[in-house]
Amino acid sequence: MTVTELLWSPELVQKYNVHGPRYTSYPTALSLQPGFPVSAVKAALRQGPQALSLYLHIPFCQQLCYYCGCTKEVTRHSFKADHYLDALEQEVALYQPLLAEKQINAVHLGGGTPTFLTEEQLSRLVGLLRNALPLQQDAEWSVEIDPRSCDSAKLAHLFQLGFRRVSFGVQDFDPAVQQAINRLQSYAMVEALVRQAQQLGFASVNLDLVYGLPLQRPDSFASTVQQVIALNPDRVSLFSYAHLPTRFAAQRKIPTQSLPQAEDKLALLQLAIERLTGAGFQAIGMDHFAKASDPLAQAQQHGRLQRNFQGYTTQGQDALLGLGMSSISQVGGVMWQNHKELQPYQTLLVHGAWPVERGYSSTADDKIRAALISQLICHFQLDIAAFSAQWQLADFWDYFAQSRSQLQPLIADGLVRVTAQRIEVTALGRLLVRLVCACFDRYLQLAVQTSYSKVV
């Protein structure tokens with residue numbers, strides 16, 4: 001894709017500058033209901049797929065980043081992580097009997113800041129998982145890293161523990177932008193860690209970028225993208241900044257007037273796409289880029305790309321077990337989430353109780369729509385006849401009658417092409433594939449739903 005192919009008029013930008021889900025699940029996490037029974041969790045694990053991937057949330061951060069919307073606890077007290085690991089050990093013990101016949105083929109540490117943990121705490125956590133859970137011998141271990149909390153010794157320790165995929169949070173290399181989001185980290189610091197990771201033999205190095213941050217300009221962001229390309233990562237994640245100050249208190253420290261306007265934000269995205277694809281990266285879905293040899297790119301090429309609460313993945317989208325405060329699980333059409341606050345999460349586990357706060361069991365219609373949305377957001381096209389046969393739909397457009405009418409404006413504006421055989425998201429529409437998916441979302445009222453990030 002080139003900037004020319006993605007040319008947007010100011011009118012189109014304003015028309016589609018609306019809020020919408022990122023569809024890491026369908027229904028989205030907003031559908032989760034309180035009082036969800038633990039019996040439903042147990043049943044989902046007993047009846048669900050044998051192969052699972054595992055996500056562990058490490059909520060601690062030493063410093064508050066103003067842009068961040070993640071669930072986190074800001075502290076400099078390392079002992080708090082010891083108490084948290086105690087709780088995780090209790091949670092693992094609750095799940096252990098239900099996982100005896102399962103296989104865990106991937107482990108991902110996210111946050112927060114997983115590298116807030118000391119080397120000793122990391123060893124304890126990995127030892128707990130290896131001893132208590134049915135991990136495959138070749139399970140894929142990945143971890144998110146804040147360069148400010150990971151030195152050379154800790155990175156080497158992660159490799160020794162078995163981690164083979166690392167993701168470094170860059171966001172932007174411009175010092176003015178870093179100052180505005182309270183996240184100062186030099187290019188030299190990131191470069192040293194990336195080079196070391198490559199020398200150690202990590203199988204994949206990912207760098208995270210965010211566009212739409214305060215004070216970002218095309219020239220400075222172009223410099224950041226070029227610096228990222230020079231680091232030669234295997235993957236690049238390019239996320240849109242979601243400014244929701246009524247929901248995330250820290251974002252109130254970012255003056256709204258410092259943020260790029262919708263047209264300027266879209267220009268940043270177009271610039272990054274052009275530079276990254278020009279450097280040989282393959283565009284994956286709506287916000288990832290990977291080298292052609294990367295498993296994520298190969299999964300897309302062979303129609304196996306999936307999406308779950310961790311984003312685009314080669315693992316199962318309906319086979320994710322989340323542990324830790326605020327973690328969300330999705331197994332066999334059932335979703336559940338742990339308490340978002342640290343104290344209730346830990347207190348429940350101290351007393352031997354499950355920390356599940358809310359959940360949802362998908363209906364038959366949910367599963368059909370989830371499969372359709374996944375296909376569009378991963379592969380930008382849908383074979384209508386094949387999908388109808390797979391889900392036993394006598395008449396596709398009769399079933400999705402309301403969706404067809406909602407698609408009409410997007411078709412008229414050149415975002416989508418619809419024929420008797422297929423639905424195809426155009427090059428222009430790929431930037432707004434979330435809006436295409438929203439046409440098939442029976443729960444969504446886009447005009448009033450402000451709990452989601454803006455699409456542009």
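The structure is a predicted model.

The protein contains 16 helices and 20 strands. Its radius of gyration is 22 Å, close to the 23 Å that the globule rule gives for 456 residues, so the protein is as compact as a globular protein of that length. Along the principal axes, the C-alpha atoms fill a box of roughly 60 × 50 × 40 Å.

Of the 456 residues, 56% are buried; a residue counts as buried if its relative accessible area is under 20%. Among contacts with a separation of 6 or more, 73% are made by residues 24 or more positions apart.

Helix 5 covers residues 152-161 and helix 7 covers residues 187-200. The axes of helix 5 and helix 7 lie 10 Å apart, and the angle at which the two helices pack is about 30°. Angles under 35 degrees count as roughly parallel, and helix 5 and helix 7 are therefore roughly parallel to each other. Their crossing is right-handed.

Which residues bring helix 5 and helix 7 together? From helix 5 come S152, L155, A156 and F159, and these meet L193, Q196, A197 and L200 of helix 7.

Conventions:
Residues numbered from 1 in each chain as written. Predicted model: local features only at pLDDT ≥ 70, side-chain atom pairs only at ≥ 80, totals over all residues. Heavy atoms only, no water. Axes fitted to C-alpha atoms, helices over the stretch in contact; angles between N-to-C directions. Helix = DSSP H or I, 4+ residues; strand = E, 2+ residues; numbered from the N terminus. Parallel < 35°, antiparallel > 145°, perpendicular 65-115°, else oblique. Left-handed = near helix turned anticlockwise from the far one by under 90°. Contact = heavy atoms within 4.5 Å. Rg over C-alpha atoms; globule rule 2.2 N^0.38 Å. Buried < 20%, exposed > 50% of the residue type's maximum accessible area, 1.4 Å probe, protein only.
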